[in-house]
Each structure stands twice: as C-alpha cells, then as structure tokens.
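Student: I have a structure to go through with you. I want to know what lies behind each label we put on it.

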Amino acid sequence: MSTLTDAVEYAPRGPQRQRKGKLMRGLFLASTAVGLIALVVLIADIVLDGAGSLTWRFITSFPSRFAARAGIRAALVGSLWVLGLTTLFSFPLGVATAIWLEEYAPRNRWTQLVQVNIANLAAVPSIVYGILGLAVFVRAMSLGRSVLAGALTLTLLILPVIIIAAQEAIRAVPNSIRLAAYALGATQWQTVRRQVLPMAMPGILTGTILALSRAVGETAPLIMIGALAFVPFAPKGPGDAFTVLPIQIFNWISRPQVQFHHLAAAAILVLLVVLMAFNLAAVLLRNKYTKTL
Amino acid sequence: MARADHDALRREREVRAADRLLAPEGQDAAGPASEQPSGAGPAYFGGDEPAEEAAEALPQSEASAAPAVGLPEPAERATVRPPSLEGPPGRRRREAVVRAILFACSAVSVLTTIGIVAVLLFEAGAFFTDVSPLEFFTSTTWAPLFQPQHFGVLPLLVGSILVALGAAVVALPVGLGSAIFLSEYASQGLKRVVKPALEVLAGVPTVVYGYFALTFVTPLLRGVWPNTEIFNAASASIVMGIMIIPLVASLSEDAMSAVPRALREGAYALGATKLEVSTRTVLPAALSGIVASFILAVSRARGETMIVAIAAGATPNLTLNPLESVQTMTAYIVQVSQGEVAFGSVEYRTIFAVGLTLFALTLLMNAVSIAVLRRFREVYE
C-alpha cells in the first residue's frame with residue numbers, strides 16, 4: 001500500500017468512494033430497521049390474534065377443554081406463587097454473595113474461582129437448570145412437582161444475574177463513605193449494613209427486578225421439573241402442583257385448533273403486560289435515584 | 001467505558017486523599033500511596049493495602065478498553081477494607097457470624113456448578129453402561145422412545161447446529177449493521193431511543209417467539225416455498241435470529257463506542273471516508289468485543305429451547321434442509337420430560353446424556369470466547 005509505485009498511481013476516486021459510503025449507510029440503517037420492524041410486527045401479530053379473546057372472564061376462569069370456557073386463573077396464581085418464592089430465596093442469597101465478594105472475600109484463588117464460576121453459570125442454558133432441578137429438588141429432595149421445586153430451580157437460574165448486578169452496584173459506592181464510617185468506629189458489618197447497602201440498593205433492586213422478569217417468562221426449566229399443563233385449580237401452598245403462564249401458553253400453542261392459538265395470544269398479552277410493568281418499575285427506580293444521588 | 005476510567009481515577013484520588021488525612025506526622029503525606037514503604041503506611045490500613053489499591057487502579061483502566069460481555073474478567077477488588085478490629089468480644093463475635101453467613105451464601109453458586117456436573121456425570125454414566133458411547137456418537141438414528149430403540153445423538157446435534165447456524169446467518173450481519181449504524185452514524189438522541197427499543201427484543205419470553213414463529217413466520221415461508229413442512233428449521237432459525245439481534249447489536253456497539261476518538265480522527269486526516277473509518281479502523285479495533293458478542297449470541301441460540309420445541313418439530317431428522325422438520329437437543333429434552341417416562345429407565349437417562357452433551361458444548365464455547373478475547377484484544381491508551 002505504501003510503496004513508492006503506489007504513491008505514483010495515487011487516485012483518490014472520491015465520488016466513487018462517497019457513493020459507496022452512502023449505499024452502505026443505507027444498508028446499516030436498513031439493518032437497524034429490521035430489528036425494530038420485527039418488534040412492531042411481533043406485537044401487532046399478537047395483539048391482532050389475542051385482543052378478541054382477552055376478557056375479564058378469560059382472566060378469572062380455570063383452563064378447560066373447551067376454548068370458549070378456558071381461562072388463565074390457575075396459571076396466573078401459579079406464576080405469582082413461583083415469583084414470590086423465587087424473590088424470597090434469590091434476593092437475600094444474591095445480595096449476600098455480592099457483599100461477600102465485594103466487601104469481605106480475601107484476594108485469593110478461591111475468590112477468583114467463585115467469580116469465574118458465576119460468569120460461567122450465567123451462560124449455562126436454562127434447560128440445564130431444569131435438569132438439575134429435576135434430579136435434585138424433584139427426585140433427591142423429593143419435593144415432587146411442587147411450587148417449591150419450581151421456585152428453587154428458578155432461584156438457581158437467576159442467581160448469577162442478581163449477583164453480578166448487585167456487585168456492580170456495591171462497587172459503585174465511593175470508598176470515602178466506607179472510610180468515613182470506619183473513622184467513626186463502625187465495624188465492617190455496620191458499615192456495609194448502614195452505609196454501603198442503602199447507597200447500592202437502587203442498583204441492586206433494578207438488577208433484581210430485571211432478573212425476576214426473566215424468571216416470569218421462563219418456560220423450559222419448569223417443564224423439566226414437571227409443572228403441569230392442565231391444572232384446574234389454583235395452588236394454595238408451596239407444596240401444591242402448579243402451572244405458570246408460559247407453560248399454559250405453550251400448552252395452547254401445541255394444540256392444532258386455531259381457537260386455542262387465539263387463547264395463547266391473549267395469554268401472551270397478559271404476560272407481556274406483566275413484564276412491561278416490571279421493566280417500567282426498574283426504569284422508574286433507576287431514574288428516581290440517579291437524580292437524587 | 002470512559003466512566004469506568006473516571007471512576008477508577010476518582011477512587012484512586014479518594015484513597016490518596018484519605019492517606020493524606022490519616023498519615024502520621026513526619027511522613028511525606030502527599031506522596032503517592034504506592035511509594036510508601038509497606039508497614040510504614042498510614043496506621044489505618046493493615047499492611048500493604050494502599051500499594052494494592054494504587055496498583056489495581058491501573059489494570060482496571062486498561063481493561064476498560066475491552067467491553068465486558070458477561071465473560072470472566074480478572075477479579076478487581078477496589079473497595080477498602082477495615083482495620084483489624086479491637087472491640088468488645090460480643091461485637092467481634094457478631095462480625096464473625098455475619099462473615100460466616102455471607103461466605104455460606106457465596107458457596108451456593110459453587111455448589112450449583114458442582115451439582116450440575118455431578119448430576120449430569122452420574123446419570124449419563126449410568127446411561128453409558130447401557131448404551132455404548134460409540135453408538136451414541138456415531139449412530140445416525142435417534143429413536144429412544146420407539147422399538148427397536150436407537151441412541152445416535154447425531155440427528156439432534158445436527159439439528160441444533162443447523163438451527164443455531166441459521167440464527168447466526170440472520171442475526172450476525174443485521175446485528176453488526178445495527179451496531180455500526182448506532183455507533184458511527186446515529187446521533188446521540190436517536191441512539192438513546194433505538195438501543196433500548198432493540199433491547200426490548202431480548203426481554204421477550206421465548207415462548208412468545210415460538211408462537212410468532214409458528215403462527216406468523218411459518219405461513220409466510222409456506223407461501224414462498226409451498227413444500228415447507230408445518231414444523232421446520234427455517235422458521236425457528238429466523239425467529240431465533242431476531243431474538244439474538246439485540247445481543248449482537250448492543251454488545252458490538254459497546255465495543256465500537258469504546259474505540260478512542262483519536263483513531264477515527266487519524267483515519268479522517270488521511271482522507272478516509274466515513275465508511276472506511278467505520279469498517280477499516282473502528283471495526284478491527286473493536287474486533288475482540290464483536291467476536292465475543294457473536295460467540296455469546298450463537299451460544300444463546302444453541303441453548304434456546306422453546307422456539308425450537310414449538311416451531312421446529314419433534315422429528316429427529318438427519319438433514320441439512322432447513323424446510324424440513326428437525327429436533328434439537330433442547331427440544332428433545334423438553335419432549336421427554338413432558339411425557340410419562342419411568343424414573344431410572346434408559347429413556348429417562350437419555351435426558352442427562354443429551355444434557356451433558358449440551359453442557360459440554362457450552363463450556364467449550366465459553367473457553368473459545370475467552371481465548372478469542374485474549375487473542376484479539378486491542379488495548380488503547
């Protein structure tokens with residue numbers, strides 16, 4: 001490129017290169033549009049299919065073999081149960097692990113191993129967690145096909161996500177806060193508990209909410225541990241059999257009749273509204289605290 | 001990424017300021033922390049803390065030139081630790097209890113990995129006493145639920161690879177194009193709107209994509225190629241590609257935005273057009289992040305379950321024709337666990353043998369992506 005002969009034949013071909021640049025700019029713009037158009041088409045398709053079936057009766061009815069009478073009550077209550085228990089398990093566990101790694105862990109190989117391990121776990125396919133849940137919670141601990149087994153499986157699934165988010169939030173707390181607390185004679189736990197955690201909490205909560213919204217949409221691991229497709233009752237405790245919204249949707253999609261497909265679309269609308277509420281909460285939380293801090 | 005630099009510098013300044021405040025009299029308190037002889041440092045820090053603090057601020061700012069993509073990064077410990085505690089014994093005991101509890105919680109994630117590996121190895125081991133590994137990896141028929149039974153995993157493996165490759169063909173060019181547009185062409189305002197909108201795609205539950213594939217994309221494909229089967233690999237691939245576009249776009253964009261501005265201006269000064277700057281200067285500089293995003297996206301596609309379970313069918317079919325029905329490893333696992341398969345039977349154990357194959361592939365791809373990151377990492381400033 002930079003030899004003397006090349007320099008003699010130097011020809012900038014300006015207009016040609018500019019034209020090529022314009023063409024490629026169009027292509028880059030088009031590829032950005034592909035993703036956005038896909039999103040719009042996806043939502044439009046689901047709204048068109050499902051809006052007609054989305055009634056109050058649909059939300060309050062149990063599933064049925066007859067499309068006209070079927071509803072998502074059992075799935076909705078099941079999803080709430082699983083979500084509640086998963087939050088209960090994963091939040092303290094994830095935050096505690098993050099505190100350990102950021103504030104307490106000695107700088108040695110073991111800590112590094114735990115860190116690498118968490119990053120690896122975040123990349124493991126969700127169905128593998130289902131296999132683990134099936135073997136450990138359902139069989140070995142004989143919890144059966146219960147809400148509890150489902151919640152424990154999802155807890156392991158979203159734990160790495162919560163840990164990583166919480167670690168980032170804790171790391172962002174300035175060291176001057178810790179120094180000030182120690183200078184006043186606080187112990188390490190007092191410093192973490194009363195200074196670091198309150199400051200990191202918005203970030204931790206945002207990460208946790210996003211992780212939980214992933215848990216709400218998860219299907220495969222719960223099919224693995226045997227959440228049932230047809231549950232004509234709402235679970236009343238952590239030991240009961242259950243179904244969740246995504247599994248109810250999967251069940252209806254798997255049927256050949258178009259009426260059931262429309263029910264699936266209506267249930268998807270409910271699921272998407274729930275997820276949107278989660279994301280909105282996360283965004284609001286983030287905005288509120290980035291302003292005041 | 002520039003913020004991470006800033007944070008590191010700020011932290012270092014804070015530590016130094018603290019040194020200045022806490023340094024005993026008669027010592028050159030204004031000198032950088034790293035120059036203080038260890039042991040003679042401020043009484044506040046136990047031993048060589050300040051030196052470590054300063055030393056760690058540097059590698060951190062170097063590392064920030066490469067994007068974090070959920071891959072293991074060198075553990076960075078930047079938070080200060082307290083002095084050794086001289087307090088009433090009750091207070092010390094409580095600290096020790098808290099410490100133990102926190103440590104136990106961090107062990108859960110390690111136990112999870114051990115659990116996964118142990119369960120897969122144990123049950124797959126039992127499976128391989130009934131079925132020879134040779135048959136498992138070389139036979140071309142997968143029919144564990146029918147008589148006579150066949151246990152050749154190749155059709156499932158090829159199905160998984162076919163669908164993941166199809167998804168990559170859709171997502172990599174589109175995602176990279178979006179990344180270049182967002183990083184090099186779009187205004188800040190447009191980027192602030194478009195990037196989160198694209199990321200919504202990544203948050204849609206996979207069962208929803210499955211519905212979209214089956215009820216929207218498949219009829220479309222059958223309109224173009226009438227001999228397309230109702231369940232086919234192409235439809236699942238396309239929709240899975242759409243699902244991973246934001247992953248590629250967002251992570252590649254992060255990597256490209258992290259390339260220093262001086263590089264672009266150097267290229268412009270040599271007379272390059274905007275396209276040439278983007279593709280010949282910025283793209284190579286951000287290559288490690290881009291490649292890592294590709295690997296992450298493909299690895300996500302291969303582990304995906306619901307789209308293929310709904311749209312690709314349940315026929316273990318050794319084919320490369322995307323218009324035919326195929327079954328992937330993940331879809332098979334879901335299919336078996338839906339039916340009534342007796343606990344402890346060979347059919348039950350196929351789940352674990354297939355799961356082990358899937359898990360091994362995940363680890364392999366993770367290792368490759370770490371190696372790629374190391375190989376292509378370009379460090380600026």
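Student: What makes A:Ser142 count as exposed?

Tutor: This is a predicted model, in which local features need pLDDT of at least 70, side-chain atom pairs count only at pLDDT 80 or more, and totals for chains, interfaces and linings use all residues. Residues are numbered from 1 along each chain as its sequence is written, while chains are lettered from A and ligands numbered from 1 in the order in which they are written. Now the rule: a residue is buried if 20 or more other C-beta atoms lie within 10 Å of its own, exposed if 12 or fewer, and partly exposed in between, with C-beta atoms placed from the backbone. A:Ser142 has 9 C-beta neighbours inside 10 Å, so it counts as exposed.

Student: Where is A:Ser142 placed?

Tutor: A:Ser142 is in the loop between α6 and α7 of chain A. Helices (H or I, at least four residues) and strands (E, at least two) are DSSP runs, numbered from the N terminus.

Student: How do you know that the span of helix α6 of chain A agrees with its number of residues?

Tutor: The expected span is 1.5 Å times one less than the number of residues. Helix α6 (residues 126-140) of chain A has 15 residues, so it should span 21 Å; its end C-alpha atoms are 20 Å apart, which agrees.

Student: Where does α6(A) bend?

Tutor: At A:Gly133, by about 35°. The bend at a residue is the angle between axes fitted to the seven residues ending there and the seven starting there.

Student: Why is α6(A) called mostly covered?

Tutor: Of its 15 residues, 13 are buried.

Student: What makes helix α9 of chain A fall short of a straight helix?

Tutor: Helix α9 (residues 188-217) of chain A has 30 residues, and a straight helix would reach 44 Å at 1.5 Å a residue. The end C-alpha atoms of α9(A) are only 38 Å apart. α9(A) also bends by about 50° at A:Leu197. A proline, A:Pro198, follows within four residues.

Student: Is A:Pro92 buried or exposed?

Tutor: A:Pro92 has 12 C-beta neighbours inside 10 Å, so it counts as exposed. The limit for exposed is 12 or fewer. A:Pro92 is in helix α4 (residues 73-104) of chain A. From A:Pro92 to A:Ile162 is 70 residues in sequence and 9.9 Å in space, C-alpha to C-alpha.

Student: How do you know that chain A is more spread out than a compact globule?

Tutor: Chain A has 12 helices and zero strands. The radius of gyration is taken over C-alpha atoms, and the globule rule is 2.2 Å times the number of residues to the power 0.38. For 293 residues the rule gives 19 Å; chain A has 25 Å, well over that, so it is more spread out than a compact globule. Along its principal axes, the C-alpha trace of chain A spans about 80 × 65 × 40 Å. Of its 293 residues, 48% count as buried.

Student: What does chain B contain?

Tutor: Chain B has 14 helices and two strands. Buried residues make up 45% of its 381 residues.

Student: Why is α11(B) called largely enclosed?

Tutor: In α11(B), 14 of the 17 residues are buried, so the rest of the structure largely encloses it. Helix α11 (residues 287-303) of chain B reaches 24 Å from its first C-alpha to its last, close to the 24 Å expected.

Student: What makes up the contact between the chains?

Tutor: Two residues are in contact if their C-beta atoms, placed from the backbone, lie within 7 Å. The contact takes 84 residues from chain B and 86 residues from chain A. On the side of chain B that touches chain A, helix α3 (residues 89-130) of chain B gives the largest share, 18 residues. That side divides into 51 nonpolar, 25 polar and eight charged residues. Here Ala, Val, Leu, Ile, Met, Phe, Trp, Tyr, Cys and Pro count as nonpolar, Asp, Glu, Lys and Arg as charged, and the others, Gly among them, as polar.

Student: Which residues have the most contacts inside the largest nonpolar core?

Tutor: A nonpolar core is a set of buried Ala, Val, Leu, Ile, Met, Phe, Trp, Tyr and Cys residues joined through C-beta atoms within 7 Å. The largest has 187 residues, and those with the most contacts inside it are A:Ile249, A:Ala267, B:Tyr211, B:Val239 and B:Val248. Helix α7 (residues 147-171) of chain A gives the most to this core, 18 residues.
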